[in-house]
Amino acid sequence: MSMGTSEAVRPVLSGAAPQFLCSDLFSSNLDLVFYSRCHIKTGKKRGPRYLQSLKCSSMSGCQLGSYRYEGLGGGLYRNTTIDRLKLLSCKCQQAESVGGVDAGEGNAAWFVDNAKKLNLNGLINSQNIMEFEDVEQLKRENEVLMSSGKAGTGTSTFAAASVDSIEEEAWELLRASMVYYCGSPVGTIAANDPTCTDVLNYDQVFIRDFIPSGIAFLLKGEYDIVRNFILHTLQLQSWEKTMDCHSPGQGLMPASFKVRTVPLDGDDLATEEVLDPDFGEAAIGRVAPVDSGLWWIILLRAYGKCSGDLSVQERVDVQTGIKMILRLCLADGFDMFPTLLVTDGSCMIDRRMGIHGHPLEIQALFYSALLCAREMLTPEDGSADLLRALNNRLVALSFHIREYYWIDMRKLNEIYRYKTEEYSYDAINKFNIYPDQISPWLVEWMPNRGGYLIGNLQPAHMDFRFFSLGNLWAVVSGLATTAQSHAILDLIEAKWADLVAEMPFKICYPALEGQEWQIITGCDPKNTPWSYHNSGSWPTLLWQLTVACMKMNRPEIAAKAVSVAEKRLSRDKWPEYYDTKKARFIGKQSRLFQTWSIAGYLVAKLLLADPNAAKILTTEEDSELVNAFSCMITANPRRKRGPKSSKQTYIV
Ligand code: GLC
């Protein structure tokens with residue numbers, strides 16, 4: 001499909017935009033003391049490092065929102081600046097009363113249900129709501145105490161109380177990580193580690209890192225920060241961005257942005273705030289963050305579903321933003337596959353890890369974003385082509401992933417016996433996979449029950465590593481079938497000791513070691529075996545695990561993982577990641593007070609309290625797509641397929 005450029009330039013870049021942006025974005029914040037004059041500089045050049053940015057000038061000398069205060073349980077030890085925090089919490093209380101989730105009630109309901117199922121009723125204390133895992137723990141402790149003849153040490157009250165205080169601490173830290181622009185919250189800083197001298201870009205708001213923060217705020221009924229984030233990042237989408245002399249596609253969303261305070265032109269006393277995006281042109285490795293735009297669409301839908309405010313997604317500039325992302329993803333290229341072709345490091349794993357090509361994480365987010373966008377796009381004359389391309393891609397993508405990425409014992413055995421060099425339209429081994437590439441670890445590792453989607457598929461290459469985010473999001477989005485989704489969760493249960501061990505959740509399994517590590521990572525010292533992206537354990541993945549479990553109605557898996565995380569997260573000061581096979585050590589270069597570790601934990605807790613809320617993130621195939629999919633299966637590409645039938649398209 002050829003992509004027109006008619007919508008490429010969003011009206012906001014014209015002279016009329018600033019007032020629009022200003023009144024619309026900030027009208028609800030007039031109670032704030034900051035006088036904000038917002039405008040967009042249209043100058044071609046940016047200042048130092050292209051400081052062409054969204055601007056908001058202020059005579060009150062706005063500060064950036066790194067709020068610090070003393071005496072938190074987790075051991076923050078900075079000074080206090082909480083005025084804005086106070087202002088914010090006033091607003092939050094209002095928002096809560098409008099329609100937030102009542103965590104207490106939901107939690108009780110879930111717990112009582114599960115306690116019944118597991119016959120734990122004797123241990124319920126309805127006043128003092130404990131999580132299922134605490135009760136299990138308590139039950140075990142009681143058994144030990146009884147058998148050793150001791151009793152009544154009061155452990156139970158302590159356990160429940162400390163879980164409560166961990167949550168409280170997490171909320172305080174999450175609020176402390178909020179970043180403000182012209183007095184309004186617009187995101188959360190990636191890490192707020194007071195022990196770290198080398199902040200790199202961890203003082204920025206990362207799009208992907210903000211998603212769990214945004215979901216936590218949504219589930220709490222605090223919608224403003226999410227709305228502001230969506231609208232501000234949308235403005236950054238159209239930014240002038242170049243790497244040397246080359247510019248990436250129009251719809252690209254930044255990896256991160258920073259609020260900077262700079263002197264106001266021509267006025268020594270005044271400062272202004274600017275939003276300064278990074279599209280990868282400053283990022284290590286200079287990779288474009290393909291996942292950012294996909295996450296943005298997913299969050300936009302979640303915002304509408306949770307708040308009930310559909311006016312944001314219906315705005316013309318937001319609709320244009322969605323279409324720009326879609327056009328970028330759906331543009332024709334050289335590809336034979338419906339999967340999105342990307343460079344290494346274009347997602348959560350943002351350093352070289354051998355995930356170039358068609359990595360699962362990007363495909364799962366792509367599928368999810370396509371379904372979310374399909375739900376939100378308002379039909380209009382100009383978008384028929386785009387919708388057709390979107391529908392065709394959804395069908396082709398789900399077919400491709402379900403069919404070719406899936407492995408379990410049966411499929412592995414099939415690959416093990418593959419014939420190679422089949423030149424024909426009806427080859428079984430389409431990608432010419434040589435059975436010898438089945439790694440020895442996999443032969444041992446694959447459980448009898450369960451299966452998963454492999455990490456990547458290219459001609460003559462299957463990356464058999466298990467990538468967690470891609471698998472979990474394939475469950476959440478419905479890219480995996482229902483049976484496959486259950487099998488993925490079965491595998492997680494079967495491989496608990498490898499994937500969770502002492503901290504959920506391994507980013508991938510297993511680690512690249514020895515020469516493979518040298519060649520594939522380029523000897524990256526941050527990605528040594530069982531560290532960081534190379535099979536480190538990332539607490540933030542807890543929230544994706546929980547959404548997947550809720551969708552499949554298997555909350556006990558998530559509850560168990562949360563109970564593992566709860567033992568260490570706060571004590572260890574909310575690290576970014578853990579190292580070693582069993583996740584026993586805080587990561588070598590791990591930041592502390594990493595916001596998405598904090599937010600991931602909170603989202604998991606909120607969803608355990610109200611599993612139904614997971615619906616703001618999950619998607620299902622509708623009957624039209626199921627139909628189109630079965631047409632595709634009937635056409636069966638495994639059987640005879642000549643040049644004619646391969647041209648067939650499925651218009652939904
Ligand atoms: C690391 C992670 C990346 C994350 C960033 C900020 O670079 O690999 O996924 O967005 O830190 O936390």
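This is a predicted model: local features need pLDDT of at least 70, side-chain atom pairs count only at pLDDT 80 or more; totals for chains, interfaces and linings use all residues.
The ligand site comes first. Twelve names make up the list of residues around the ligand: Ala-190, Tyr-202, Phe-206, Arg-208, Asp-209, Met-348, Asp-350, Tyr-532, His-533, Glu-576, Gln-594 and Trp-596. Sorted by class, this shell has six nonpolar, two polar and four charged residues. Asp-209 places a polar side-chain atom 2.5 Å from an oxygen atom of the ligand. For Asp-350, a polar side-chain atom lies 2.9 Å from a ligand oxygen. His-533 also takes part, with a side-chain N or O atom 2.7 Å from an oxygen atom of the ligand. How much of the ligand does the protein bury? Taken alone, the ligand exposes 310 Å², and the protein buries 95% of that area.

Salt bridges are the next topic. The structure holds 25 of them. One joins the side chains of Glu-375 and Arg-301, with an N to O distance of 3.0 Å. Glu-375 belongs to helix 11 (residues 360-376) and Arg-301 to helix 8 (residues 290-307), so this pair ties together parts that are 74 residues apart in sequence. The two partners can also be described by their accessibility. Glu-375 counts as partly exposed, at 45% relative accessibility. Arg-301 counts as buried, at 5%.

A further salt bridge lies within one helix. Arg-388 pairs with Asp-385, and their closest N and O atoms are 3.3 Å apart. Both residues sit in helix 12 (residues 384-405), where they are three residues apart and so separated by about one helical turn. Arg-388 is partly exposed, with a relative accessible area of 35%. Asp-385 is partly exposed too, at 47%.

Asp-572 and Arg-571 provide another case. Their side chains meet in a salt bridge, at 3.9 Å from N to O. Arg-571 is exposed, because its relative accessibility of 61% is over 50%. This pair is also part of a network of salt bridges, which links Glu-502, Arg-568, Arg-571, Asp-572 and Arg-584.

A loop residue follows. Asn-192 is found between strand 4 (184-188) and strand 5 (205-206). Asn-192 counts as buried, at 14% relative accessibility. A polar atom of the Asn-192 side chain lies 3.5 Å from the backbone oxygen of Ala-176.

Strand 9 and its partners come next. Strand 9 covers residues 451-458, and eight of its eight residues are buried, so the strand is largely enclosed by the rest of the structure. Strand 8 (residues 406-408) pairs with strand 9 in the antiparallel sense, over three bridges. Here Asp-408 stands opposite Gly-451 of strand 9. Strand 9 also pairs with strand 10 (residues 461-467), again in the antiparallel sense, over four bridges. In this pairing, Ile-454 stands opposite Phe-466 of strand 10. How many residues lie between strand 9 and strand 10 in their hairpin? There are two residues between them, and Ala-460 in the turn has a positive phi of about 55°.

Helix 15 is another buried element. The helix spans residues 468-477, and ten of its ten residues are buried, so the rest of the structure largely encloses it. Among these buried residues are Leu-469, Leu-472, Trp-473, Val-475 and Val-476. Ser-468, Gly-470 and Asn-471 of helix 15 are likewise included. Gly-478 follows helix 15 and has a positive phi, near 80°.

Tyr-367 counts as buried, at 1% relative accessibility. Tyr-367 and Val-395 are 28 residues apart in sequence, and their C-alpha atoms are 9.6 Å apart in space.

Note on methods. Residues are numbered from 1 along each chain as its sequence is written. Side-chain values use heavy atoms; hydrogens and water are left out. A residue is near a molecule or strand if one of its heavy atoms lies within 4 Å of it. A polar contact is a pair of N or O atoms within 3.5 Å; within protein, one must be able to donate a hydrogen and the other to accept it, and residues adjacent in sequence count only if both atoms are side-chain atoms. Accessible areas come from the Shrake-Rupley method with a 1.4 Å probe; for residues, only the protein chains shown count as cover. Ala, Val, Leu, Ile, Met, Phe, Trp, Tyr, Cys and Pro count as nonpolar, Asp, Glu, Lys and Arg as charged, and the others, Gly among them, as polar. A salt bridge is a side-chain nitrogen of Lys or Arg within 4 Å of a carboxyl oxygen of Asp or Glu. Buried means under 20% relative accessible area, exposed over 50%, partly exposed in between (1.4 Å probe, protein chains only). Two strands pair if DSSP finds at least two bridges between them.
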